[in-house]
Amino acid sequence: MEKTEKARHRFGLIGRDIGYSFSRGYFTEKFHALGLTDHSYENFDLAEITDFPELIGITKDIKGFNVTIPYKEAILPYLTKIDDEAQKIGAVNTIKVEGSTLTGYNTDVYGFQKSLEPMLNETHKNALILGTGGASKAVAYVFDKLGINYHQVSRRPKTGQLAYAGLTYDILQSHPIVVNATPLGTHPNVDEKPPLPYESLTDRHLLFDLIYNPSKTAFLKEGEQRGAAIQNGLRMLELQAEKAWELWTSD
């Protein structure tokens, strides 16, 4: 019998300046561990989201994408369908490809919630979310689910949001959870951090950084020095990746 070549199963990450990406290494190792020699994962670095249709046109055997900064919101108009939860959030980080049908999901919600919950205690009723992009929307959605009140903090605040310059001691004291959903502090710019009054932090605070590289950002170090509980984004990334894999491989 003539030997037939296995069908390829390609997956990839869509973003900008993503050479550092977690996803490619994670899934490459996963495929190796599972013996999936016909599976591959690659980075698709797009200068603009308008390059996405061309990417779809020239890439064959693609089964799914992850989506990262800065395209989690901008990708929405290019999708055939959007999962209800992702639609409510207004951001997509996972795409399942079935022929010409592109379905968007948000697995950041699952990853963030499952990595945050073990750290919560009865004092964690109010939170600050630093940043207003796609990742921050998933964080806000989780806080809504958990009944945690929050304010988003922005360099250019809209109605209902706070400005960094307006963050006072009293605000930090009354918001014991602080989540960094900005890219500030990501390798190689490891000395950068959101402009907070860090002297207002105490051992009652919980600082969560969605960044995983470096493992301890300047933001987290400031909290650790003042006794705060800290968590980086690695576990969240692992959990959202597994949820994405589940979606890609489900019927």
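Guide: What follows is a walk through the aromatic pairs and their surroundings. The model is predicted, so local features need pLDDT of at least 70 and side-chain atom pairs count only at pLDDT 80 or more, while totals for chains, interfaces and linings use all residues. Residues are numbered from 1 along each chain as its sequence is written, and side-chain values use heavy atoms, with hydrogens and water left out.

The structure holds 17 aromatic pairs, a pair being two rings of Phe, Tyr or Trp (its six-membered ring) with centres within 6.5 Å, called stacked if the planes are under 30 degrees apart, edge-to-face if over 60 and tilted for the rest. The ring centres of phenylalanine 11 and tryptophan 248 are 4.8 Å apart with planes at 35°, so this pair is tilted. Because phenylalanine 11 belongs to strand β1 (residues 9-15) and tryptophan 248 to helix α8 (residues 234-249), the pair ties together parts 237 residues apart in sequence; helices (H or I, at least four residues) and strands (E, at least two) are DSSP runs, numbered from the N terminus. Phenylalanine 11 and tryptophan 248 are both buried, where buried means under 20% relative accessible area, exposed over 50% and partly exposed in between (1.4 Å probe, protein chains only).

For phenylalanine 22 and tyrosine 26, the centres lie 5.0 Å apart and the planes at 25°, so that pair is stacked. Both residues lie in helix α1 (residues 22-33), four residues apart, about one turn of the helix. Phenylalanine 22 is buried at 13% relative accessible area, whereas tyrosine 26, at 21%, counts as partly exposed. One aromatic cluster includes Phe11, Phe22, Tyr26 and Trp248.
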